[in-house]
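Reader: I have a model on my screen and want to learn how to read it. Where do we begin?

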Amino acid sequence: MDDLETRELRYFVAVAEELHFGRAAHRLGIAQPPLSRAIRQLERRLGVQLLDRDRRGVALTGAGGVLLREARAALDAVAAAAHRTRRAEDLRRPLVLVTKAGASHELLRRLLAAAADTGAAPVEVVLCEVGEQARFLRSGRADVALMHRPVDDLAGFDTEDLCTEGQVALLPSGHPLAARPRLTLADVSDVPGLPIARWPRLDGTYPDGPGPEVRTQSQLAHLVALGKTLLVIPASSRAWQWPDHVAVPVVDAPPITTVLAWPSGHHSPALTALTRAAAGLRDTPPAAPAP
């Protein structure tokens with residue numbers, strides 16, 4: 001069998017993510033008939049059915065789910081090769097560090113200051129939504145990231161631990177639970193009228209549950225303020241909380257470790273200097289905002 005082409009993988013990923021040939025064709029900027037032919041040709045070449053098609057729509061088969069995961073990784077690797085090759089010519093370029101917008105800016109500020117004190121290369125900070133750091137690293141759009149164990153996808157990355165901290169429940173300020181000095185996971189797991197928000201899994205699907213599906217912290221902030229949901233987050237991540245929110249410690253929530261992460265096997269003097277600066281911050285937790 002001939003090797004798969006990146007064009008074929010892009011076509012398949014678009015259909016697999018949209019689960020609709022018309023939307024996928026629009027996203028790719030091509031007509032629908034050649035897209036349908038390309039997917040059927042791909043299935044014939046692989047000798048497996050990738051998609052179930054019926055009047056109700058399109059669904060991934062088991063084999064299709066495997067190819068989606070592998071195709072995303074392959075396309076990320078191709079994109080990363082291009083990004084890193086272009087940047088290799090610019091010896092003065094800054095390191096690109098990606099972090100979620102709601103992470104502790106105090107910890108990031110101390111990391112950047114420590115790096116500057118060591119004479120490390122400049123660092124350009126890129127902000128993303130929750131769970132997007134891994135894609136930035138794998139695609140080569142970023143060199144290094146601030147991530148969290150055990151909630152983030154750290155497969156294929158080297159890491160340097162920065163700090164470990166507890167978690168808090170972020171609640172609407174008028175809710176009875178907001179008046180308590182501390183909570184447990186049992187207290188917040190099944191609150192009538194206030195379900196826990198649901199973030200997408202690594203594959204983009206959502207876990208089952210009554211809570212609203214959210215993708216951005218802006219959505220989440222509004223829903224908490226409106227009394228529609230709650231969430232449990234690292235204590236320092238509530239730096240973005242609104243006056244309409246209250247944070248209460250969740251005493252039995254698993255601790256969260258903030259790490260500096262980068263693709264395994266990738267090293268440079270600039271990255272080495274930054275990781276050395278990060279090691280000096282280890283076990284110094286970021287200051288949480290006043291309640």
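**Overall layout**

Author: Begin with the contacts. In this predicted model, residues 24 or more positions apart account for 68% of the contacts in the protein with a separation of 6 or more.

Reader: How many helices and strands are there in the protein?

Author: Count nine helices and ten strands. The C-alpha atoms fill a box of roughly 60 × 55 × 25 Å along the principal axes.

Reader: What share of the 291 residues in the protein is buried?

Author: Buried residues make up 41% of them. Keep one cut-off in mind: buried means under 20% relative accessible area.

**Helix against helix**

Reader: How do I read a helix pair? Take α1 and α2. At what angle do they pack?

Author: Look at the angle and the axis distance together. Helix α1 spans residues 6-18 and helix α2 spans residues 21-28. They pack at about 130°, with their axes 8 Å apart. Angles of 65 to 115 degrees count as roughly perpendicular, and those over 145 as roughly antiparallel. The crossing of α1 past α2 is right-handed.

Reader: Which residues make that contact?

Author: From α1 come Arg10, Tyr11, Val13, Ala14, Val15, Glu17 and Glu18. From α2 come Phe21, Arg23, Ala24, Arg27 and Leu28. By class, the contact of α1 with α2 has seven nonpolar residues, five charged and no polar.

Reader: What sits in the loop between α1 and α2?

Author: Leu19 lies in that loop. Check its backbone. Most residues other than glycine have a negative phi. Phi of Leu19 is near 50°, a positive value. Leu19 has a relative accessible area of 35%, so it counts as partly exposed.

Reader: Next pair. How do α2 and α3 cross?

Author: Helix α3 covers residues 32-46. The axes of α2 and α3 come within 9 Å and cross at roughly 105°. That makes α2 and α3 roughly perpendicular to each other. On the α2 side, the contact uses Phe21, Gly22, Ala24, Ala25 and Leu28. On the α3 side are Gln32, Leu35, Ser36 and Ile39. These residues divide into six nonpolar, three polar and no charged.

Reader: And α5 with α9? Which residues meet there?

Author: Helix α5 is residues 105-117, and helix α9 is residues 269-279. Their angle is about 120°, and their axes are 9 Å apart. The two are therefore oblique. α5 passes α9 in a right-handed crossing. Leu111, Ala114 and Ala115 of α5 meet Leu274, Ala277 and Ala278 of α9. In the contact of α5 with α9 there are six nonpolar residues, no polar and no charged.

**Single residues**

Reader: Now a residue in α9. Is Thr275 buried or exposed?

Author: Read the relative accessibility, then the neighbours. Thr275 lies in helix α9. Its relative accessibility is 12%, so Thr275 counts as buried. Leaving out residues up to four places away in sequence, Thr275 touches Glu160, Leu260 and Trp262.

Reader: Where is Thr99 placed?

Author: Thr99 is in strand β3, residues 95-100. Its relative accessible area is 3%, so Thr99 is buried. Beyond four places in sequence, Thr99 touches Leu108, Val125, Val126, Leu127, Cys128, Gln133 and Leu146. Thr99 and Ala142 are 43 residues apart in sequence, and their C-alpha atoms are 9.9 Å apart.

Reader: Asp143 carries a charged side chain by class. Why does Asp143 count as buried?

Author: Asp143 has 11% relative accessibility, and that is why it counts as buried. It lies in the loop between α6 (133-138) and β5 (144-149). Look for a polar partner. The backbone nitrogen of Val96 lies 2.8 Å from a polar atom of the side chain of Asp143.

Reader: One last feature. What kind of peptide bond joins Arg149 and Pro150?

Author: Check omega. Most peptide bonds are trans. The bond between Arg149 and Pro150 is cis, with omega about 10°. Pro150 lies in the loop between β5 and β6 (157-165).

How values were computed:
Residues numbered from 1 in each chain as written. Predicted model: local features only at pLDDT ≥ 70, side-chain atom pairs only at ≥ 80, totals over all residues. Heavy atoms only, no water. Axes fitted to C-alpha atoms, helices over the stretch in contact; angles between N-to-C directions. Helix = DSSP H or I, 4+ residues; strand = E, 2+ residues; numbered from the N terminus. Parallel < 35°, antiparallel > 145°, perpendicular 65-115°, else oblique. Left-handed = near helix turned anticlockwise from the far one by under 90°. Contact = heavy atoms within 4.5 Å. Buried < 20%, exposed > 50% of the residue type's maximum accessible area, 1.4 Å probe, protein only. Polar contact = N/O pair within 3.5 Å; in protein donor to acceptor, adjacent residues only side chain to side chain.
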